[in-house]
Amino acid sequence: MEPPREFLSSFKPAADLFKSHAERGSIIRILTHNDADGVSSGGILSKAAKRMGAPFKTTVEKRLDEPMLRGVAEEKPGLVVFTDFGSGYLELVGKALPDVDAIILDHHMPSGEAPQHAVQVNPLLHGIDGSRDIAASGVSYIFAKTLDPRNVDLAPLGLVGALGDQQDKGEKKSLKGVNILIEEEAIAAGLLSKSVDLIFYGHETRPVARAIANTTTPFIPGLSGREDSAVAFLNHIGIPLKTGDRMRSLSDLDEEEKRKLFSALSSHMVAQGCDAKTVHNLIGTVYTFKKEEVTTPMRDGREYSSLLNACARMRRPSLGIGICLGDRGEAMKDAEQTVDEYRRKIGGYLDWVRTGDRIKEMGAIYVLSAGTDIDENIVGVVSSILLGQGILKSTKPIVSAANSDDGTVKISSRIAEGTAYMGIHLGKIMQEAAGGVKGAGGGHDNAAGAFIPQGTESEFMRRVDELVAKQWSAS
Ligand SMILES: [Mn+2]
C-alpha cells in the first residue's frame, strides 16, 4: 500500500524523545490498557526499551484516571509512555503529570490539546480511521521501528492488537488500511503467511474438535468452549476425527468435508438463533506467524490475540506481557489455563444473559444491566459476542453496565458494523452522556466505554438513548 507519509513522519519527535531518555538512563514508565491490543502494545514497547538497554516498567491498567496517574507521578519516572489510551484524557495527563515528559501512542478519539511536555501520535490526527485501519499495537510497532529497524521482528505483534480490536473488516475478514503496511513488512521478513479458510484457531495443528471448541470469535453457542460437544457434533455429521492413530486437523480435511462442516455449522448456528449473516464469519483470512512453534497458540494471529486478551481480562496481564517478550514453557501453560478459565466464564455469562432474558430494549438502544453478575472486565466482551451472534434482531447499539470494584459502574457500548456507518459515534455519545452524570467516557465510533457513579445508571442510559436517537435522525 501507499505509505501515509504525513502520519509516518509524525513518529519522529516521539522517537527522539524516547531515545534521549533511554540514553540518559532515565526510567521509562509504560502504561497500557487491559485488552489484547493494550497488552501487545505494552509488549512491543517493553521489547523496544529492553533492546535499547533502557530501564523500564510496564503495567496494564483498566482505566486512565487521576488516582492511577497520581501513583505514577509518585514513582518519579523520567518518561511516561501511554499506549492504547491517553488521547481521550489529555487534560488529565497534563494536570497530573505537569512536569513529566510523556508520549501518547493511541488510536482513540483525541479530546483537547496535548499538554506541553507530551508528544501525541494518533492516526485520527492524520485522517486515518483509528477504529479500522490501525490499532495501538500498530502505532506502537511503527514507533518501535522508527527507534530501531531491528524491531521489524515485532511486526506480528503489531497485527495481534488489530485482530484483538476486530479490525479484520476487509474482504474475507482481512486487515485493512495501515495494517496492510505492517502485514507487508511481516511477510517480507518471513514472519507471516496468510490464507483463506475456516477461521478456527490452530487450523493446521489442533484436532478439529478442539479447534472449534477453542474459538470464541465467532462464538458458536453450544460448541465454543465445549470440546466434548464438538466431538459429538463431528461424529454426528460423519467427519472422522482420526486418520489411523493421528488426530486430524482442519488442514487435513478435504474440500468436500470442509463444505459439509461449514453447512452443518451454519444450520447449527441458525437453529441456535444466530443471524444467517454471522455464519459467514466462520470463513476468513487466517494469519499464521511462521516463526512461532506450530503447536502453540502464538502460531495463529487471532488465537494469540485471544490469549493476551484472556490474560488481561482475568487479571494476569504480566503473563501476557511476558509472552510478548518471548516467555514460553511454564508461562505458556499458565496462559493456556487462563484462556480455559476465561472461556468457561464467558460461556457462563452468556447462559446467564440468555436464560434470564436480561436484555431490555429502549427506543434506540439495548441495555444489559449486569450489576455484579458479570465481571466488569468482561462485560464488553460479552456485549461484542451478543452483537456478533446476531441474536439481537435490530441495528440498535448495545450498552452494558457492570459494577466496578472501585464503587463506580463500568459501561461498555458496541454497535454492529454496517450500523456504525450510519452516523453513530459511540465514543462521542459515551463522553457526553458520562459527563452529564459526573463520569468519564470515550472511545471509538463502533466501540466505546465509560465509568459513571453508582446510582446514575438509569439517568445515564436515558441520556445515551436520547443521544443515539438524535445522531440517528441527523444522519
Ligand atoms: Mn485498542
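Where is the place of K438 in the chain? K438 is in the loop between α16 (426-435) and β14 (440-443); helices (H or I, at least four residues) and strands (E, at least two) are DSSP runs, numbered from the N terminus. The structure is a predicted model, in which local features need pLDDT of at least 70, side-chain atom pairs count only at pLDDT 80 or more, and totals for chains, interfaces and linings use all residues. Residues are numbered from 1 along each chain as its sequence is written.

**View 1. Overview of the protein chain.** The protein chain has 17 helices and 15 strands. Its radius of gyration is 22 Å, close to the 23 Å that the globule rule gives for 475 residues, so the chain is as compact as a globular protein of that length. The radius is taken over C-alpha atoms, and the rule is 2.2 Å times the number of residues to the power 0.38. Along the principal axes, the C-alpha atoms fill a box of roughly 65 × 50 × 40 Å. Of the 475 residues, 54% are buried. A residue is buried if 20 or more other C-beta atoms lie within 10 Å of its own, exposed if 12 or fewer, and partly exposed in between, with C-beta atoms placed from the backbone.

**View 2. Two residues with positive phi.** K438 has a phi near 65°, a positive value in a residue other than glycine. With 9 C-beta neighbours inside 10 Å, K438 counts as exposed. Q166, also not a glycine, has a positive phi of about 55°. Q166 lies in the loop between α7 (155-164) and α8 (178-188), and is buried, with 22 other C-beta atoms within 10 Å.

View 3. Helix α6 (residues 136-147) has 12 residues and reaches 16 Å from its first C-alpha to its last, close to the 16 Å expected at 1.5 Å a residue. The expected span is 1.5 Å times one less than the number of residues. In α6, 12 of the 12 residues are buried, including Y141, I142 and F143. F143 and V382 touch the most other members of the largest nonpolar core, which has 142 residues. Such a core is a set of buried Ala, Val, Leu, Ile, Met, Phe, Trp, Tyr and Cys residues joined through C-beta atoms within 7 Å. Leaving aside neighbours within four places in sequence, F143 is in contact (C-beta atoms, placed from the backbone, within 7 Å) with F11, A14, A15, L105 and V121.

**View 4. Helix α17 and its cover.** Helix α17 (residues 457-474) has 18 residues and reaches 26 Å from its first C-alpha to its last, close to the 26 Å expected at 1.5 Å a residue. F460, M461, V464, D465, L467 and V468 are buried in α17. The cover over the buried residues of α17 includes β11 (366-371), β12 (398-403), β13 (408-414), α16 and β15 (447-453).

**View 5. V286 in strand β9.** V286 lies in strand β9 (residues 283-289) and is buried, with 24 other C-beta atoms within 10 Å. Not counting residues up to four places away in sequence, V286 touches K194, S195, D197, I199, H203 and D300. The C-alpha atoms of V286 and G301 are separated by 7.6 Å, although the two are 15 residues apart along the chain.

Key:
Contact = placed C-beta atoms within 7 Å.
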